[in-house]
Amino acid sequence: MGGTRKEAIYAGTPVSRGIVFAPVHVMARGFSAPEVHPIANVTRETERFRDALSRTKRQLEGLQEHMESLSGNEEGRIFEAHMLVLEDPVVLKGVPKAIEDRRQNAEYCFYAVMQNQLESMRRIPDPFFRDRTTDIEDVCQRVLRNFDTEHEEPAPDEPDHQHILVAYDLSPSTTAAMDRHQVLGFATERGSITSHTAILARSLGIPAVVGLRNAVFNLHALDPCILDGYEGKLISNPTPETVRKYRELEEQHQLRRAELDKLRDLEAATTDGHSITLSANIEFEHELDLVDRSGAEGVGLFRTEFFLLENEECPDEEKQAALYSRVAKRVSPSEVIFRTLDAGGDKVPGEPLSEPEPNPFLGWRGIRFSLDRQDLFKEQLRAILRAGTSGRVGLMFPLISGVGEVRQAKSLLSECMEELTERGVEFNREISVGAMIEVPSAAMVAADIAAEVDFLSIGTNDLVQYTVAVDRVNPRVAKLYRSAHPGIIRLIKTIIEGANQHRIWTGVCGEMAGDLTLLPLLIGLGVDELSVGAPLVPLVKQAVRLLDFEECSALAKQCLEASETRQIVQLCSRAAATTYPELLQEASGGASAPSFAAHPA
Ligand code: PEP
Ligand code: MG
C-alpha cells in the first residue's frame, strides 16, 4: 500500500466495527469513478473520448428504435433526452479542454467534468433540474463503459476483486445483496447509524462508515485504502507508518474478540445475579450461523421484510412457512420472534408503494400497511402460526400506535387460526404475541397494550425518531438524534411499568440495546430482554456480567430525575467507564451501537 498519491483521511460516523485494508471501488451517484493516470498523447486521448461518445450515441439510437417499436414514440423520447446530453457544449468542448489542461486520461477527465456539472445542478432547488441529474448520470455511466473498446456491449460495473465500496448512498436492498466476499467494507457520504443500511452492515459484520464528505468525488478507483469502522475513518493512500499502526490495532481487536468469544455459553447476568435475556436481531436465514457462534439466547427480532420484499412478488404462505419453520427449528430450544412485515419508511417494496410518499416515515408503514393489505398480512400470520410447530415461535407487530391496532391484528390472527383449522393444517395456537413500542402514543398507553399481549419490545430506533422528531436517516439532523433524552428515558420507564402491571416482559430491540454507555441505565430501568446484532452479543454479554443491578437501579433513579440529555449522558458514561473501560474501547467510536457515538447533549 502507499502509492504516489498523498495519504488523505476522510472522517465520518462509524456504524459497523472492523478494520479493512483494500482498494476502493467508487460508485458515484449513478456511475463509478474511473481510474486516473497521466497521459502524454493529448490527441489520442481526445480521439478516445470522441469514439466513446460515438459508440454511446449508436447504442442510444438503437435503444430508441427498440423502445419505439415496442411502445411508441413517447418512451423513445427518453433516449432523445439522453442524446442531447452528449451534444451539450459542456461535454463536447469541456472534456477535450480538460484533457489538454489536466493531461489525464480521457475517461477521468470526462468523469470530472460531469461530476462538476452534476454538483451544480443538484444545488438548484428546482425539482426539474434535480430530476434531470438522474438522466445525466445514466448517460455518463454508459459513456464511461464505452471507453472499454473491447466489448460492443458496456462492461459490467462490478469489480471482480475484493474492495471497499465507496458510494454516495446505498439502499438497504443494495446492501442486502452485496457479495460479502468481494465487498469487505463500505463507506458512504449519506446515511446514518439507525438507517437500515447501517443496521444491515452490523448484522452482516461488514465494517462500515457513513457521512464521509467528498469521498466519492476525491477518491479514485483502486486507490489503496484503510476503512476504520471503529473510529469512522477512511484513509486513502496510507503511508507505511499508518498501515503498520492499523495492522497492530487490528491484531489487538482480534485478541479481544477471541477473549469475548469464550463467554459464549455463559449467562448474561449481573454480578448480583439479575438475569437478562440477550438475544439477536437478524434479517436473513444465513445469519443464524453468526447467532449460533455469538452465544445469543435465540432471536429477539427477525425483520421479515427483507425476505418478503427482496422478491418481485411477496412469497406465498407455503414459502414463508418453509422459511419460518427452518429458522424455528435451527433456533430451538430458544425462541425466535418474527416481526410481521414492516414495509415503508426506508424499506420500500416495489409494487405496493410504487407511489412515492412525501413523508414515508409518517406514512403507510408497519402495521398500517398490513391492516390495509390483509391478504398479504394473513398469509404471513398463517405461515408464522404453522412454524410454531417446529420450535418456540413468537410474533410481534411493528409500528403500533394504539391498542385498537393490536386488537385488530389479533382478531385477524384468530381468523387465521380458524382458517388453518378448517384446512386441517397443523399450527401452534400458543405462540406468544407481542407489540413493538416505537411510537410515543403507544408508549403512553403501554399498560393498555400490555393487557392484550404477551410481551412488549421497544423499537428505540423509531421511538427516538418520533419522540424527538428527528429523521433517523437524515445525516443533517443526525446530531439531534438523542436516545438519552429525558423524554425517551421517561417513556421507556412508562412502557416497563405498563408491562409490569400485566406481568409481561419488556425487551429493547432497537440499536440502543447495544449501546454500552446506556446499558447500565436500560438494565436499571428494568428491561428483561435485550436484542442486538449478533456480532455485538459477546460485547454486551460481558458488559452485563460486569454490572451490579442495585447500582444500575440507583443510576436509573438519578437519570429519571434529570432534565437534560447532558446530565444523563454524564451519569451513564461515568458508570460505564468505571465498570468496563476496555469494553468501551473495543466498541470505540460508539460502534457497538454507534447511533450514540457522540451522545450529544
Ligand atoms: C426500531 O425501530 O428500533 C426497530 C427495531 O425496528 P426497525 O429498526 O426495523 O425500524
Ligand atoms: Mg422500527
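**Figure 1. Close-up of Glu-529 and its polar contact with Ser-279.** In this predicted model, the side chains of Glu-529 and Ser-279 make a polar contact at 2.9 Å. A polar contact is a pair of N or O atoms within 3.5 Å; within protein, one atom must be able to donate a hydrogen and the other to accept it, and residues adjacent in sequence count only if both atoms are side-chain atoms. Glu-529 lies in strand 16, which covers residues 529-533. Helices (H or I, at least four residues) and strands (E, at least two) are DSSP runs, numbered from the N terminus. Glu-529 is buried but has no salt bridge, and Arg-392, the nearest side chain of opposite charge, is 9.2 Å away. Buried means under 20% relative accessible area, exposed over 50%, and partly exposed in between (1.4 Å probe, protein chains only). A salt bridge requires a side-chain nitrogen of Lys or Arg within 4 Å of a carboxyl oxygen of Asp or Glu. As to charge, Lys and Arg count as positive and Asp and Glu as negative, while His and the chain ends are not counted. Beyond four places in sequence, Glu-529 touches Ile-276, Thr-277, Ser-279, Gly-300, Trp-505, Thr-506, Gly-507 and Val-508, where contact means heavy atoms within 4.5 Å.

**Figure 2. Close-up of Ser-531, also a polar partner of Ser-279.** Ser-531 is placed in strand 16. With a relative accessibility of 0%, Ser-531 counts as buried. Its side chain is joined to that of Ser-279 by a polar contact of 3.5 Å. When neighbours within four places in sequence are left aside, the residues in contact with Ser-531 include Ala-280, Asn-281, Gly-300, Leu-301, Val-508, Cys-509, Gly-510 and Ala-513.

Figure 3. Residues up to four places away in sequence not being counted, Gly-300 touches both Glu-529 and Ser-531, together with Ser-279, Ala-280, Ile-337 and Met-396. The C-alpha atom of Gly-300 is separated by 7.7 Å from that of Glu-335, a residue 35 places away along the chain.

Figure 4. Helix 15 has 14 residues (374-387) and reaches 20 Å from its first C-alpha to its last, close to the 20 Å expected at 1.5 Å a residue; the expected span is 1.5 Å times one less than the number of residues. Because 11 of its 14 residues are buried, helix 15 is largely enclosed by the rest of the structure. Among these buried residues are the charged Lys-378, Arg-382 and Arg-386, as well as Leu-376, Phe-377 and Ile-384.

**Figure 5. Close-up of the salt bridge between Glu-419 and Lys-378.** The closest N and O atoms of this pair are 2.7 Å apart. The pair links distant parts of the chain, with Glu-419 in helix 16 and Lys-378 in helix 15, 41 residues apart. Glu-419 counts as partly exposed at 24% relative accessibility, whereas Lys-378 counts as buried at 13%. Through shared partners, salt bridges join Glu-317, Glu-318, Lys-378, Arg-382, Arg-386, Glu-415, Glu-419 and Arg-423 into one network.

**Figure 6. Close-up of two further salt bridges, Asp-101 with Lys-97 and Arg-44 with Glu-45.** The side chains of Asp-101 and Lys-97 meet at 2.7 Å, N to O. Both residues belong to helix 4 (residues 94-102) and are 4 residues apart, so about one helical turn separates them. Asp-101 counts as exposed at 51% relative accessibility, and Lys-97 counts as exposed at 52%. In the other pair, the closest N and O atoms of Arg-44 and Glu-45 are 3.4 Å apart. Arg-44 is partly exposed at 47% relative accessibility, while Glu-45 is buried at 4%. A search of the whole structure finds 35 salt bridges.

**Notes to the figures.** Residues are numbered from 1 along each chain as its sequence is written, and chains are lettered from A and ligands numbered from 1 in the order in which they are written. In this predicted model, local features need pLDDT of at least 70, side-chain atom pairs count only at pLDDT 80 or more, and totals for chains, interfaces and linings use all residues, while side-chain values use heavy atoms, with hydrogens and water left out.
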